Amino acid sequence: MIYCFLADGFEEIEALSCVDILRRAQIEVTTVSMNDTTTVVGSHGIKVIADITAADFPSDMSEVSGAIYPGGMPGAETLSSGKNKLPGEVAKYCVENDILVCAICAAPIVLGRLGLLSSKHATCYPGFEKELIGAKTDGAKVVVDNNIITGKGPGCSVDFALAIVTKIKGEEVALGIRKAMQCDE
């Protein structure tokens, strides 16, 4: 199962475009609220009902086949703060086990602050590069470095999500979704 972590102040387009596009590709995605309830409020005031709360997250990490961290503030800061250890623990598990881990906009700080991007190529929202400890950044829209996918910001959300689909289901499936969504027209 791919898990998408949501904290109040998350960037709606980054989270929801990933969930939407992955589900179009028939990839199972579960949204996880960092709140005590499943209701999470995005950075633009949009309320989203997550599938589960962090308290409901499976104790057996072997169920994790990927993780997605959308940006937005203060959402990304909450995910990386350590107050709730789950996002960081899942990120570490993914990196240590060569499982897909994806972060966009400000959220690569979740990985960067843990040193998980050391010697990796990555991108993030401009100004957060210093938080990506040891990463090689160049301001690209989307960067794929083995099992780590990072995206620059909200305007790159579709490309970011399609990079995830490409990694999981292959380029042909991603191109089919891109065409069906009229991304190249």
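Three bridges connect strand 1 (residues 2-6) with strand 6 (residues 66-69), and the two run parallel. The model is predicted, so local features need pLDDT of at least 70 and side-chain atom pairs pLDDT 80 or more, while totals for chains, interfaces and linings use all residues. Residues are numbered from 1 along each chain as its sequence is written, and side-chain values use heavy atoms, leaving out hydrogens and water.

- Seven strands form an open sheet with mixed pairing, in the order 5-2-1-6-7-11-10.
- Strand 5 (52-53) and strand 10 (142-145) each have a single partner strand, so one side of each lacks a neighbour in the sheet.
- Strands (E, at least two residues) are DSSP runs numbered from the N terminus, and two of them pair if DSSP finds at least two bridges between them.
- Ile 2 has Gly 66 in strand 6 as its bridge partner.

**Aromatic rings**
- The whole structure holds three aromatic pairs (ring centres of Phe, Tyr or Trp, the latter by its six-membered ring, within 6.5 Å).
- Phe 5 and Tyr 69 are stacked (planes under 30 degrees apart), at 5.2 Å centre to centre and 10 degrees between the planes.
- This pair links strand 1 and strand 6, its members being 64 residues apart.
- Phe 5 and Tyr 69 are both buried (under 20% relative accessible area, 1.4 Å probe, protein chains only).

**Buried charge**
- Asp 145 lies in strand 10.
- Asp 145 is buried without a salt bridge, and Lys 120, the nearest side chain of opposite charge, is 4.4 Å away.
- A salt bridge requires a side-chain nitrogen of Lys or Arg within 4 Å of a carboxyl oxygen of Asp or Glu.

Conventions. Helices (H or I, at least four residues) and strands (E, at least two) are DSSP runs, numbered from the N terminus. Buried means under 20% relative accessible area, exposed over 50%, partly exposed in between (1.4 Å probe, protein chains only). Lys and Arg count as positive and Asp and Glu as negative; His and the chain ends are not counted. Rings of Phe, Tyr and Trp (its six-membered ring) pair if their centres lie within 6.5 Å; planes under 30 degrees apart count as stacked, over 60 as edge-to-face and the rest as tilted.
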